[in-house]
Amino acid sequence: MKRILLFVLFLTAGLSLAAQEGPFVPQRETLVVDNFTAVPNLTLGLYQYARQCVVDGLARRRVNVIDVERDGYGRADIVYPSFNFAAQNSGHPFDINRTLRLMNAYPQARWYLTAYLCRFNSHPVEHKDKDKDGNPVVKMDFTAEIEADIYLFDAETQETEGPVRWRYVYTGASTLEYAERYAVSNLEQKARSLVTDRFRFKASVLKAGEYNRRGKLQDLYLSCGSDLDVSNGDVFYIYSVSEINGIATAHKLGKVKAREITGPESCRCTVSNGEAEINKALQAGETLVAVSDTDRYF
């Protein structure tokens, strides 16, 4: 029930439902990536590579990413041997005093992210087999595993979310180095998925597009585009939002997919389902809101 209420608040936040002037145009969130910590068997090179993969994945879509290491606030030359600083801060995954300094340094940022690279393992694997003559042979390949706990701090609410556990295992590599780097590189995709899932955004439905010969609605135009890295195939759910006696309500109507990026703040979407409900709401002059999906389809 709490999640439903929070989602309704997300849908209606920033919207004057009774008398909205112009479309609601979503803006990028700003995210500060703080220091990471790691288990001691992760080499400095792999530690730095892991952190860069996370930064690159976060920066791909929807958010402005500030990397503290580039501004001199990081410790690029240190791999923390443990997560002991969490205990020193009453179990809080962030160094509170440090986070307060960062909040003063980056007043435009709401979100802060840190990660504990809590497990790393790589080793050879033997596979016993036989050759064409039936003689026993031993083949060897390599596997690597990485786990990371991700934490987000919300400067607005002063609350911490997490940990979100990322885990990836790569097997069958021809060399140990390849297995290790491939496993670590998966953190970039994990980070991209975090942005898509956690930093969902809402936009206005600008207008109806084309109708087919049978009078069915085919397209919608939304108030989001290249400025927010919207791409063809991105999925949005369409909601009708309203206020009744001061209480915000939201009703899901259907789903659309981006098919053409028409500008920095606009895109054309094809209607996947809910055509009749969406069209009826448009004709009735209801306020329609598009919410980005947690998945991306190509």
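**Exercise 1. The chain as a whole**

How much accessible surface does the protein chain have, and what share of it belongs to carbon and sulfur atoms?

*Solution.* This is a predicted model, in which local features need pLDDT of at least 70 and side-chain atom pairs count only at pLDDT 80 or more, while totals for chains, interfaces and linings use all residues. Residues are numbered from 1 along each chain as its sequence is written, and side-chain values use heavy atoms, with hydrogens and water left out. The accessible surface, computed by the Shrake-Rupley method with a 1.4 Å probe, comes to about 16000 Å² for the protein chain, and 48% of this belongs to carbon and sulfur atoms. Of the chain's 298 residues, 43% count as buried, a term for residues under 20% relative accessible area, where exposed means over 50% and partly exposed in between (1.4 Å probe, protein chains only).

**Exercise 2. Helix H2**

Find the span of helix H2 and state which elements its buried residues pack against.

*Solution.* Helices (H or I, at least four residues) and strands (E, at least two) are DSSP runs, numbered from the N terminus, and the chain holds six helices and 12 strands. Helix H2, residues 44-59, has 16 residues and reaches 23 Å from its first C-alpha to its last, close to the 22 Å expected at 1.5 Å a residue, the expected span being 1.5 Å times one less than the number of residues. Among its buried residues are Leu 46, Tyr 47, Arg 51 and Leu 58. The buried residues of H2 pack against elements including strand E1 (29-33), strand E4 (111-130) and helix H5 (176-198).

**Exercise 3. Aromatic pairs**

Which kind of pair do the rings of Trp 111 and Phe 199 form?

*Solution.* Rings of Phe, Tyr and Trp (its six-membered ring) pair if their centres lie within 6.5 Å; planes under 30 degrees apart count as stacked, over 60 as edge-to-face and the rest as tilted. By this rule there are seven aromatic pairs. The centres of Trp 111 and Phe 199 lie 5.6 Å apart with the planes at 90°, so this pair is edge-to-face. The pair links distant parts of the chain, since Trp 111 is in strand E4 and Phe 199 in the loop between H5 and strand E7 (202-208), 88 residues apart. Trp 111 is buried, with a relative accessible area of 3%, and Phe 199 is buried with 5%.

How values were computed
Contact means heavy atoms within 4.5 Å.
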